[in-house]
Each structure stands twice: as structure tokens, then as C-alpha cells.
Amino acid sequence: MTNSGDEISCPACKVYTPPTSGYKRKAAEMEAEERDAKGWIGCEGPCEKWHHCYCVGVEDPAVLDKWYCPTCIAANPALVITHKPPPSVPRKSSRSKRAIDYAALNDGDTVMAVSPLCMTPRHVERLPDLELAPNTFPHMKGEDVNMDWVRRDPTALTQPIIVDEPAGLEMTMPSTDITVDDVARLVGPYRPVEVIDCVPQELSKRGWTMQEWADHYARREGAPESDRTLNVISLEVSGTKLAEQIVPPKLVRELDWVNLAWPENKRDKAPKVQLYCLMSTAGSFTDWHIDFAASSVYYHVLRGLKVFYLARPTTANLAAYEKWNNMENQTTVWFGDMVDEVYKVELQAGNTLLIPSGWMHAVHTPTESLVFGGNFLHSFGIPTQLELVGIEYRTHVPSKFKFPQFQRLLWYVAWYYNEGLKKDNAPLEDRLLRGLYKLAQYLVERVRRIERAKHAQRRIGEAHETSKAYKLKPDISEADRRLVSSADAVKKNIPSDKIRDAPALARELRWRIRVRLEVDSDWNGDDAPPPPGEKNKSGGVGSTKTPAACAPSRNGSTSSKPSTPVASSATLPALPLETPTGSTASLAKFRNFTPRPSSSSAAPPAAAPAPRPTPPPSSETQPSQPQPSVFNHSGASTTGIPHVSVQADRATGAVSPNGGGGEAAVGEFDSRVAAPATHSNGASAIAGAVKAEDQSGMVEGVSGMLGTMPGTGGTAVCS
């Protein structure tokens, strides 16, 4: 059997011009290597030509007795491919049997070992018999799924919602008659794609291109039990022609952190996780999982049927999820047996599902389906998102399966909200502020690694110097090595284009949220903010500050409604532990900081200055016009809300209210302290970042405000 010509060529090889560069060339080279590695097989038919086993789908030519190419079979349907008999032919039986995978049985995988023909994904057979909790998830209209719903309903984004019709979601999807071949053409036929084998729940060992996947998908139509049950769920199509046909729901676009906080001039490097195309063959199954970083998911079924099994992200369920991920026999254990309740949601063509942060889910595909969806992080799911990142770290999830650039995105979000809190006094939802406090605490803990690593680096340097002097091996502790390595990882993920002083930013954001929530520095963020004057669970005291109900507003009048306390030019924004007038002994004390003693503390306390009367509006001071909130996701207005801030000019050190004097951007604070400026009422104020050094020489960054309390001469430090 020979092919015509001096060199043997495979007739089944696709005729195409090899790409010259980029990932297409790499995919073509990988495909060529795999074709050659699998060997050749000769046709016993009239053509007598040799073919690549890879090209004609022959896995093991050694088991074949006679093989005919597709061309010869098409010309003569009487030709039949035959197999060699096994060494000993057992007695035949008409009774159906289950194929036994003895390798899996030896590994303890009894589900894989006795699955019918080893072709049915594990756990699928038991799905009809599951004990399920009643499905009470709301079905909503598209026009009702908006930011007003998120702000108004405290349960919004805490449980899955189903939108039966896409109208009102303000999203765009491809035509319902789009095929997998169309997808391959729009994203590139040579683009590599990850294909999951649903039986072992692993990535296919074979390298796939989009065109190969489209060919496989087309061959499976009408024959759901042939070959393997495969699934594609990780094809992100941003930057392709297909992406031009997809626009996520409006609510997703408004909530998504990438849209909110990632710099516009760096969008080409932003995480690409919002446009996925999922192509599932009939019978596909995806085992229990939580999307990376507990990101929320929008999921629109364009064609086919999907069945979701979901569990709530309670503390107990998340602990069970972590335990299940660490099991050696994880693949044989149905995670639904380890949680309190399992819910079932069936989606048909045209349905859209929103899965909130942290919800565990498994997915079954009874019929072939085509789905478009995406992931997004948002400010109403911060605690769960941070908790799952910890689980991913403890269970050693590979970086490939984590949310891309997650840590860098957190810093951009912190910068975005800190800037907004400085410029806008619009009210924010309590659960949003509590989530941001968790974020600030998380970032403070990370920058503390950088601060502690300085001492570890000093000890490492001293160890090297000692080793050189005495010609010994450096005695460096493993703890110091890990601390320095961890600090380097933290610094690597801090975006220098926006943030020059990460410790200052993290602590300033935490302080601003404490002021908004009227809590002290001992509040842990887990409990509800305590009412003024009451003890919270962490032992701190709620604010005894009188709400600024009669504080001067921007138009010179007084507000009749209590509002969030804000700073004035006379009293710098401090944590809500008010210092009694004329007393230096009872200055506010904050964790890790002690108020500095005043040179005039021994003098008799001066009487508190009388408040200045509010001047009537004049022609020179016109009432300011209401301005929209700088928080794009809030949509609230600052109308009628008093707002006075103290800001310092970096160059001159002048401090002025309401943005006067030139405000230094967040992240631009340094160890220098701005020169005090005397105000009309005699109080001095200093704004900036403070570097406080204790007796041991340990430096800890303090982002806060240092000011002289009116009438006391005492100085309070807030961090």
C-alpha cells in the first residue's frame, strides 16, 4: 500500500496554509506533532493509501483486522471494518453487561468502575432520585432586574433569580440559529480550546482546536452515545468577532468591578471573564464547584436545556466544600450529601439565570446546548468573595483556575471607592459599606506583610554578613523566607499607576468607612454597626456623636434630616469617639495608637468657643447646584446632604475645606506631614499620611488625620 509520489501524504489531512505566527502557528505545530506521534494505518480497499491514525479517528490500529478509509467505504458500502479477536473468546451472551474499569476499581473509584460502558458521567444516574428542597427562587421580569432593585431589596443578589424572557435585561445575544461551526469561524478555527471529558471530570489529554471541536460536535448530533461525553465551558471570546454580538445584562455591566474600577487606558490588560461561550453535548455533567473567587454568574441559554443543582454558601456548607475538595476520593462522593439542602433549577432556551457570589452548583445537560454567560465580581458580595479566595489558597487551587489579576483588581477597587468617599457624601447602602470595610481590612492585613518583611530582610542581611565573616552557611529561618516571599507577591500586585502608598490607601479607606458607619476601631465588621453609645460584640463603643442634623449645608441653610457626620473646617474628621471639651485625659484612644500629650495639657481647660452664626446667603455665595454621585453603581444624589471636607495642598501644606487648596490624590501620601494651617476659629489641622515609629524602631504606616481638638489643645490620632 503506497501513496502516489515520492513522499507519503495523508489524504485525510486538511488542506490549509499554515499560519506564520502567533498562537495559530503553535496550535498547528502541536497538531502536526500529534498526527505523527499516533502513527499511520493503511487502507485495505481499492485506494490502498496510508492515512494518519489521528486524521481518521483510529485510537489503536493494533486491534483492527481490516480497515477501510472513508472514501472507499463511501464508494462501496459493503466494505466493513473488522477487529481482531481477543486471545480467548468467551461464551457470548445476549444479556447486557456493564463494562468494568479495573484500573478505576483498583484506585477505589467504584462509580467509574461500574458505569455503563464507562461512558456515563459519575453521579448522573442518581440525579432523578435526589432529595431536593423546594425551589422558591424568584422569577423576575427583565426590567425589574436593575440597580433600584439591588438598593431597595436587602435580599437582592443573595439568592439565584430566573428571568424567563430576555426582554428588559438590556443585553444582546447572537441569533438563535448560530451553530458551533459559526462559533469556530468567528473566534478562529485554529484557536486552542480546552475540552472536558465528563466521565473522569478532567481536561481531555488531546489538544483541541476550535475547528476540531466543531467537527466533533457535528458528528455527535443524533448519536449521543458514541465515543466520549465532552464539554466546553471555558471558551472566553473577548476580542473576537463573536464578542461583537454579545452584550451582558445592564445590571451586570453596572456592578462589574472591572467596568467600575479598572483604568480605561489599561482595559487591554483587564481580566477577560465576562464573555464565555459554553457548548455542551448531550449527557454532559459538571461536578460541584464554585466559580473562581466566588464571582457571580449570568447564564443565558440560547439553545438546549440545562439543569442546575445548587447549595447556599452558608458557613457550614463552605466548610463542607473545603473538606470535600481535600478528599482523596472526592470524585466518588456526591457533595450534595454534605450540605443542608440542595435546590434544582431547570433552564430552557431563552431563560437567563443569575447565580450570586459563592453558591455551589453542579450542572447536567440532558440535551445538546449552547449557552452564553460570564463572571463578575461586585461590591455586594465582598465577604463571600474574600472567603472563597482563602479556600482556594488553602486547597492549593492552581493559578490557572483562579480569577485573573484578582489582587490587582482589589487595589483598583479600593482606590475607586476611596476617591468616591472623599468627593461624595451621598448615602451608601449599609451592606455595601460593611463589605467595603471587609475589603479594607483585607488589604491592611496584606500591607502589614510588607511592613513586617522589612525586619525579616534586615535579619536575612545580618545572617549573610555573619556567614561571610565566619565562613558559615547563612542561618535564615524559614518563616523569614516565607514572609519576604509573601511580601514580594503583595507588592507585585499593587498597581503603581494609581497607588503610590498602598498602606496609606488601605488604612484611609478603612477610616473613611468607620466614619460613615459611626463605629470605633474595635469593630470587626461582622456584626451590625451598633447604635450610638451602645457596646458592640467586639467590646467597642458606638459613636456618641450627635448626628449633623443642623450642620451647615452647601447652600448655607441647615438640614432638618440627620445625615452622616462629616468633617468641618474647625473639627477634622475623627473616629466617632468624641473627645469631651476641655479634657485631655479623656482623649480618644485607638488600637495601637496613643494620643500625643499636649504642651498645654497642664494649663486650665479653656472654655469651648461659641459656634459662629450661620451667615445668610448673599449674592456672592450662591447656593450650589445638586451634583450626581460619583459612585456609578449608586445613582444617588448629594442634594440636601451637608458635605465639608478638609484637604491639604501637597506643595504649600495649606488646608482648605471643600476641595480648596488642591487635593492630593489617593496613594500620593508620603512620610512628610503637611505644615499646619491656622483657621479662623484658631484650630489647627494636619491632613496626610503619618509614619509613627515606636521605641523598637518598627515603622507602621498610619493613614489618618492629626488635628487639634477645638478648645482642648490636645492632639488626637486617628487611623
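## Strand pairing around E12

Two strands pair if DSSP finds at least two bridges between them. Helices (H or I, at least four residues) and strands (E, at least two) are DSSP runs, numbered from the N terminus. The model is predicted: local features need pLDDT of at least 70, side-chain atom pairs count only at pLDDT 80 or more, and totals for chains, interfaces and linings use all residues. Residues are numbered from 1 along each chain as its sequence is written, and side-chain values use heavy atoms, with hydrogens and water left out.

Strand E12 covers residues 276-280. E12 pairs with strand E11 (residues 230-236) in the antiparallel sense, over 4 bridges. Within that pairing, Glu236 has Tyr276 of E12 as its bridge partner. Strand E17 (residues 360-376) also runs antiparallel to E12, and 5 bridges join the two. Here Cys277 is partnered by Phe372 of E17.

How many residues of E12 are buried? The count is 5 of 5, so the strand is mostly covered (buried means under 20% relative accessible area, exposed over 50%, partly exposed in between, with a 1.4 Å probe and protein chains only). Tyr276, Leu278 and Ser280 point one way from the strand. Cys277 and Met279 point the other way. Both sets are buried.

## Overall make-up

The protein has 719 residues, and 47% of them count as buried. Its secondary structure comes to 16 helices and 23 strands. Take the contacts between residues at least 6 apart in sequence: 71% of these join residues at least 24 apart. Contact means heavy atoms within 4.5 Å.

## Helix H12 against H14

The axes of H12 and H14 come within 8 Å and cross at roughly 35°. Axes are lines fitted to C-alpha atoms, for helices over the stretch in contact, and angles run from 0 to 180 degrees between N-to-C directions.

On the H12 side, the contact uses Ile382, Pro383, Leu386 and Val389. On the H14 side, the residues are Gly435, Leu436, Lys438, Leu439 and Tyr442. The contact divides into 7 nonpolar, 1 polar and 1 charged residues.

## Salt bridges

The structure holds 18 salt bridges. Each is a side-chain nitrogen of Lys or Arg within 4 Å of a carboxyl oxygen of Asp or Glu. One of them links Glu322 with Arg394, whose closest N and O atoms are 2.8 Å apart. Glu322 lies in helix H11 (residues 315-325) and Arg394 in helix H12 (residues 382-394), so the pair ties together parts that are 72 residues apart in sequence. Glu322 is buried, at 17% relative accessible area. Arg394 is partly exposed, at 44%.

Other pairs sit within a single helix. Arg458 and Glu462 meet at 3.9 Å, N to O. They are 4 residues apart in helix H14 (residues 430-470), so about one helical turn separates them. Arg458 is partly exposed at 45%, and Glu462 is also partly exposed, at 45%. Glu478 and Arg482 form a salt bridge at 3.6 Å, N to O. Because they are 4 residues apart in helix H15 (residues 478-492), about one helical turn lies between them. Glu478 is partly exposed at 47%, whereas Arg482 counts as exposed at 59%. Separately, Glu419, Lys422 and Lys423 are linked in a network of salt bridges.

Helix H13 (residues 406-423) has 18 residues. From first C-alpha to last, H13 reaches 26 Å, close to the 26 Å expected at 1.5 Å a residue. The expected span is 1.5 Å times one less than the number of residues. H13 is mostly covered, with 16 of its 18 residues buried.

Helix H16 has 16 residues and reaches 23 Å, close to the expected 22 Å. H16 is mostly covered too: 16 of its 16 residues are buried. Leu517 lies in this helix, which spans residues 502-517. Leu517 is buried, with a relative accessible area of 9%. Leu517 and Asp430 are 87 residues apart in sequence, yet 7.8 Å apart in space, C-alpha to C-alpha. Just after H16, Glu518 takes a positive phi of about 60°.

Terms used
Nonpolar A, V, L, I, M, F, W, Y, C, P; charged D, E, K, R; others polar.
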